Amino acid sequence: MEEARKGVLGHLKMLEMEANNLELKQQELRQRGRQEELNANLQALLSKRDQLKAEIKANTSLQKMRTLLDQTGVPYERNEDVDNLEDGSDNSQLLLMMARHTQLKDLLHAHHLIGGYDVLQTRKGKGVCVSLATAYEGVYLETYNLEIDLGSNLRICRHNIPPFIPLERLVTQGNMQTDIRDFLDTLSQYLNAYAGRKQQLHLTKEIHSSVQVAESNALCTILVLMFTIPGEKAEAALCTLQYADHTQRLPTRVNIESEDTALVSSPQWKKNQALLLETPLHTALVTMKKTGSIA
Amino acid sequence: MKKNLENVYEAQFKALQEEIAALQGQQDNNEREIAMDLAGGRMQDALLIMTGHQEMGKSQRDITAHLKTEIMEMEEDLIRQTKINGIVLVNCCVKTVEKGNKKMVQQHRLTGHCSFLDFQVEFELTDVQEDTTLVRTITDLNIVMDSTEFKDFSNFVSGVEDKRDLLLFFRTLRRFSDRCEDRRRTFQHFQEQVQEAVPHFPRMFPSMGSEKMENQEWKEKYPCVVSLPGGCRAEVMQIKSPKLAGCALTIYWSIEVTNEGDITPKIDLLTKMPEKVLEMDSRKVIENAPDSFQSLLRILGAEASIDTVIQSVAV
């Protein structure tokens with residue numbers, strides 16, 4: 001009997017030991033798994049940090065090279081200053097090219113920003129496309145495009161210039177064949193003047209809701225506005241602005257009419273008339289409101 | 001032991017995260033200070049090489065070659081734009097002032113020249129993404145030019161700065177420089193023409209025994225008919241008669257610029273004659289000379305009119 005009990009106990013003890021061992025092993029495995037996970041995370045972060053460091057280093061070298069290029073003005077040939085900046089022959093050549101790449105990109109973008117014609121070759125050199133940018137008081141407005149056929153005679157084959165701009169006249173009476181740049185400058189003048197007048201009207205409608213626009217034409221060369229004169233009678237005044245010179249953004253003639261004829265011939269209104277001739281419309285109206293001439 | 005290990009890891013982790021945040025901040029700052037456009041496949045490939053991560057299948061030689069091609073194409077493009085725009089841009093530096101989801105503000109610094117007129121232009125560009133369109137505005141404009149001699153142009157420049165009309169500035173600069181070139185070319189032409197003609201003058205005055213005179217002696221005795229006291233880029237041309245002392249004709253060629261960028265060349269003729277000569281002028285030819293010159297200008301143009309005046313004085 002004793003022996004049998006000893007056997008069972010012994011067996012049980014063995015089982016317990018095995019179970020303990022198993023648990024220990026599992027714990028070890030879990031710990032190792034956890035460790036590996038932590039390690040992996042750490043590695044990932046380390047790698048990210050090293051990547052960032054490498055990027056910053058590359059960027060800084062590139063910036064230094066670019067600044068050097070800008071200062072020395074020697075675009076491409078290896079010069080002494082550039083040689084000194086090098087840290088390894090292979091990469092330095094690449095660095096120089098990268099710097100030159102960014103420099104050219106900036107210069108080309110700048111040509112575009114200053115209102116350049118952005119000339120583009122089309123149809124394998126048989127044509128060019130030009131863009132005419134317009135802007136007013138710092139705001140970039142519409143861009144118009146022309147495609148010119150480079151035959152024995154220059155010919156405009158496509159464009160999106162509004163019909164009320166005298167393109168035909170400028171082509172036939174102008175110097176497009178002999179001085180394309182002068183032709184484009186003149187066309188640009190017309191387009192920018194139109195854009196400017198249009199923008200003044202737009203701003204007037206937006207800012208001065210008390211001023212009614214009775215009439216306006218597509219080219220914005222004739223404007224009829226209705227003002228409300230402050231006072232008990234709340235008289236109205238009709239103001240006609242004529243822009244006879246289509247290359248200008250200011251009117252050539254201002255006419256003010258009202259039932260109250262005395263008011264219209266008053267010195268204040270003579271001043272207003274002069275103001276409207278010399279100042280952009282939306283700005284003139286601000287002054288006229290301030291002085292109490294209009295509501 | 002296990003707890004300790006975890007703590008160590010956590011500490012390292014946190015330290016690395018902080019380091020990365022700091023590095024990120026540094027990178028953002030660097031990119032703002034000197035904003036460079038690194039977009040485009042070739043540049044991205046090149047950047048990978050620089051940071052030591054090369055993509056499989058793209059050798060450094062290939063990438064270098066492709067980059068070289070792009071650079072050449074851009075250089076050709078730059079020549080085309082420079083030619084059609086008539087403006088030479090030498091440097092362009094961009095700095096990012098603000099960068100958000102829908103808004104970006106960048107400062108541009110341009111240096112360059114339009115023929116002989118140097119400029120340094122700084123402008124702030126604000127791009128705002130509104131619904132479907134991008135609204136681009138110039139929010140500040142600063143122009144520095146060495147044009148102290150051109151008072152008219154300086155006034156125009158101040159006006160254009162106030163109105164932030166960058167495009168008008170460059171359009172007008174170009175046309176102004178074209179008109180200056182016209183003037184310089186014409187003035188220079190006459191200066192050279194007269195200097196060439198000097199040897200011929202002796203033949204007109206045979207009684208002076210000038211056949212035997214050397215050119216140098218002749219030049220000293222009969223000063224040039226035409227002189228440009230301020231150089232061929234200035235506004236004034238003086239015409240003096242070699243035989244009538246005290247008689248001078250002056251051509252004033254000014255180029256006016258309005259605030260709206262309208263350019264008007266104005267050429268005036270002024271006469272300076274001694275009292276005695278004026279008294280003898282019964283037909284008021286000298287008094288009417290300035291007006292006559294204006295009529296001449298309308299019919300013959302600048303060069304021919306000035307030529308006529310010089311001929312009438314030289315003979």
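**Entry 1: helix H2 of chain B and what follows**

The model I am reading is a predicted one. I then went back to the helix itself, which covers residues 41–50 of chain B. Which residues of H2(B) are buried? I noted Met43(B), Asp45(B), Ala46(B), Leu47(B), Ile49(B) and Met50(B).

**Entry 2: Asn20 of chain A**

I turned to Asn20(A), which lies in helix H1, residues 2–72 of chain A.

**Entry 3: chain A as a whole**

I counted the elements of chain A and found 8 helices and 8 strands. Why do I describe chain A as more spread out than a compact globule? Its radius of gyration is 39 Å, whereas the globule rule gives 19 Å for 295 residues; the value is well over that figure, so the description holds. For its extent, I noted that the C-alpha trace spans about 135 × 65 × 40 Å along the principal axes.

I next examined burial and found that 41% of the 295 residues of chain A count as buried. For contacts in chain A between residues at least 6 apart in sequence, I noted that 41% join residues at least 24 apart. The accessible surface of chain A comes to about 16,400 Å², and carbon and sulfur atoms account for 52% of this area. I also looked up the charges of chain A, 33 positive and 37 negative, whose mean positions are 2 Å apart.

**Entry 4: the nonpolar cores**

How many residues has the largest nonpolar core? I found 83, and those with the most contacts inside it are Val121(B), Phe153(B), Leu166(B), Phe169(B), Leu173(B) and Ile239(B). The element that gives the most to this core is helix H3 of chain A (residues 89–113), with 11 residues. Apart from this core lies another, of 22 residues, including Tyr117(A), Val128(A), Leu132(A) and Leu170(A).

I finally followed the contacts of Leu166(B), leaving aside its neighbours within four places in sequence. From chain A, Leu166(B) touches Leu113(A), Ile114(A) and Tyr140(A). From chain B, its contacts are Val121(B), Phe123(B), Ile138(B) and Leu141(B).

Conventions: Residues numbered from 1 in each chain as written. Chains lettered and ligands numbered in written order. Predicted model: local features only at pLDDT ≥ 70, side-chain atom pairs only at ≥ 80, totals over all residues. Heavy atoms only, no water. Buried < 20%, exposed > 50% of the residue type's maximum accessible area, 1.4 Å probe, protein only. Helix = DSSP H or I, 4+ residues; strand = E, 2+ residues; numbered from the N terminus. Rg over C-alpha atoms; globule rule 2.2 N^0.38 Å. Contact = heavy atoms within 4.5 Å. Areas by Shrake-Rupley, 256 points an atom, 1.4 Å probe, with all protein chains shown as cover. Lys, Arg positive; Asp, Glu negative; His and termini not counted. Charge placed at Lys NZ, Arg CZ, Asp CG, Glu CD. Core = buried A, V, L, I, M, F, W, Y, C linked by side-chain atoms within 4.5 Å.
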